[in-house]
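Dear colleague,

Please find the structure below, handed over for your reference. My notes on what was found in it follow directly after.

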Amino acid sequence: MVNISDTVYKDFHTNSSSINFKIDFLENISNIIPKNAQLIGINDYYEAWSTDTDIYYKYSPYLIRQYDGSSITIYQSKNIPFSYLYGILRGGITEKFRDDLLKKSSIGLHASMVYKDDDVKIFIGSKGSGKTSVALNLVHQGYTLLTDEFISIDQSGHLHWLYRSPGIYEYDIERFFPFARNLVWSESKSVVNHEKKSLLQFPELNVPLNINIFNDVTIFFLTSNMTQTSDKKNFIQSFQSQIIDGHGAYKYKSHILDYLFDNMIISNVLQINNKE
C-alpha cells in the first residue's frame with residue numbers, strides 16, 4: 001500500500017506534517033458542498049464552488065477536493081486509482097504552496113529554473129511551451145533543477161520557488177529523455193487530460209541559494225506550444241550550453257511580464273523566438 005505522506009515528502013521535498021491534508025472515504029458526499037456555496041467556475045473537468053472560507057472542486061459525484069486556505073481535504077465515495085487521486089491532492093498542495101509564496105512576494109511566474117555554479121536560467125512560457133523539457137535537457141548537462149513549476153519575486157528582487165518532482169509523459173521519456181528512466185519513482189494522473197505522468201526524483205538541494213533577479217539571472221521566454229514531435233525534438237536539442245546565448249525577439253503579451261518590464265525588475269533578458 002502506498003504511503004501518501006511519504007509520497008508528498010519525496011514529491012515536494014518537504015515534511016508532510018507541514019501540510020494539513022486528509023483523504024476521507026464516505027458512503028455519500030452529496031452534502032459536502034454547502035447549500036450556500038456559489039458556483040464560481042465550471043469546465044470539462046470540474047465545478048468550482050465557493051463560500052466565504054472555502055473552495056470546493058467537484059470532479060465527479062464521488063470525488064470532491066476542499067481547500068480553506070491552509071488545509072486540503074479530499075472526499076471520495078468510491079475507490080479511486082492512486083495515480084488520479086494523488087494528481088488531485090498534488091494540485092491542491094501546489095496551490096497552497098503558491099499561495100504561501102505570494103503572501104511574501106508581489107509577483108509570481110509559471111516557470112522552470114536551473115542553476116550551475118553562478119549560472120541561473122529561468123524559462124517562462126505557457127503550458128506546452130517546453131519549460132520542463134529545456135530544464136531537463138540542461139540537468140542532463142550538469143545543471144541542478146530548482147523548479148519546473150513556480151517562482152515568486154519579492155520587493156527586493158529575491159527569488160523564492162516551489163520545488164516538486166517534474167512530471168513527464170512516458171512517450172517523452174522514450175523519445176527525448178532516456179536518461180530519465182532511472183529517475184522515475186512514482187506517477188500522477190492529470191485531471192485535465194487523464195494522461196499519466198512519470199514523476200522524476202532528484203536529490204534535495206542542501207545548499208541554500210540566494211538568487212536575485214536584478215543581477216543573477218538570465219531569462220528566456222518560450223513562445224510556441226509544441227505539438228509536433230519533430231518540433232519538440234529540434235527545440236530541445238537547440239538548447240545546448242554552447243548556443244544558449246539566444247537570438248530573435250518577440251512581443252510577449254502577458255500583463256505580468258509587462259509589469260516586470262515597465263518596472264525594470266527584469267534585467268539581462270534573452271528572448272527566444274521558438275518558431276513552429
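How many helices and strands does the protein chain have? There are 6 helices and 17 strands in the protein chain, where helices (H or I, at least four residues) and strands (E, at least two) are DSSP runs, numbered from the N terminus.

Please note that this is a predicted model, in which local features need pLDDT of at least 70 and side-chain atom pairs count only at pLDDT 80 or more, while totals for chains, interfaces and linings use all residues. Residues are numbered from 1 along each chain as its sequence is written, and side-chain values use heavy atoms, with hydrogens and water left out.

Confidence

The pLDDT (the predictor's confidence in each residue, from 0 to 100) averages 79 over the protein chain, and 79% of the residues score at least 70. A contact here means heavy atoms within 4.5 Å. Where pLDDT is low, the predicted coordinates should not be read in detail.

Overall packing

Of the 276 residues of the protein chain, 48% count as buried; buried means under 20% relative accessible area, exposed over 50%, and partly exposed in between (1.4 Å probe, protein chains only). Among contacts between residues at least 6 apart in sequence, 64% join residues at least 24 apart.

Covered elements

Helix H3 (residues 131-139) is mostly covered, with 9 of its 9 residues buried; among them are Lys131, Asn137 and Val139. Strand S16 (residues 217-222) is likewise mostly covered, as 6 of its 6 residues are buried. From S16, Val217, Ile219 and Phe221 point one way, while Thr218, Phe220 and Leu222 point the other way.

Strand pairing

Two strands pair if DSSP finds at least two bridges between them. Strand S9 (residues 119-125) runs parallel to S16, and 6 bridges join them; Ile124 has Phe221 as its bridge partner in S16. Strand S11 (residues 150-153) pairs with strand S12 (residues 159-162) in the antiparallel sense over 4 bridges, with Ser152 opposite His160 in S12. S11 and S12 form a hairpin with 5 residues between them, and Gly157 in the turn has a positive phi of about 90°.

Two individual residues

Tyr86 lies in helix H2 (residues 82-103). Tyr86 counts as buried because its relative accessibility is 1%. Beyond its neighbours within four places in sequence, Tyr86 is in contact with Thr7, Val8, Asp11, Phe12, Ser188 and Leu199. Tyr86 and Glu187 are 101 residues apart in sequence, yet 8.6 Å apart in space, C-alpha to C-alpha.

Thr51 is placed in the loop between strand S3 (47-50) and strand S4 (55-60). With a relative accessible area of 17%, Thr51 is also buried. Leaving aside neighbours within four places in sequence, the contacts of Thr51 are Pro34, Asn36, Ala37 and Tyr56.

The second largest pocket

A pocket is an open set of points on a 1 Å grid over the protein atoms alone, where a 1.4 Å probe fits, with protein on both sides within 12 Å along at least five of seven lines; lining residues have an atom within 4 Å of a point. The second largest pocket is lined by 13 residues, of which His13, Leu146, Trp161, Tyr163 and Leu205 lie nearest its centre. Its lining divides into 11 nonpolar residues, 1 polar and 1 charged.

Yours sincerely

Notes: Ala, Val, Leu, Ile, Met, Phe, Trp, Tyr, Cys and Pro count as nonpolar, Asp, Glu, Lys and Arg as charged, and the others, Gly among them, as polar.
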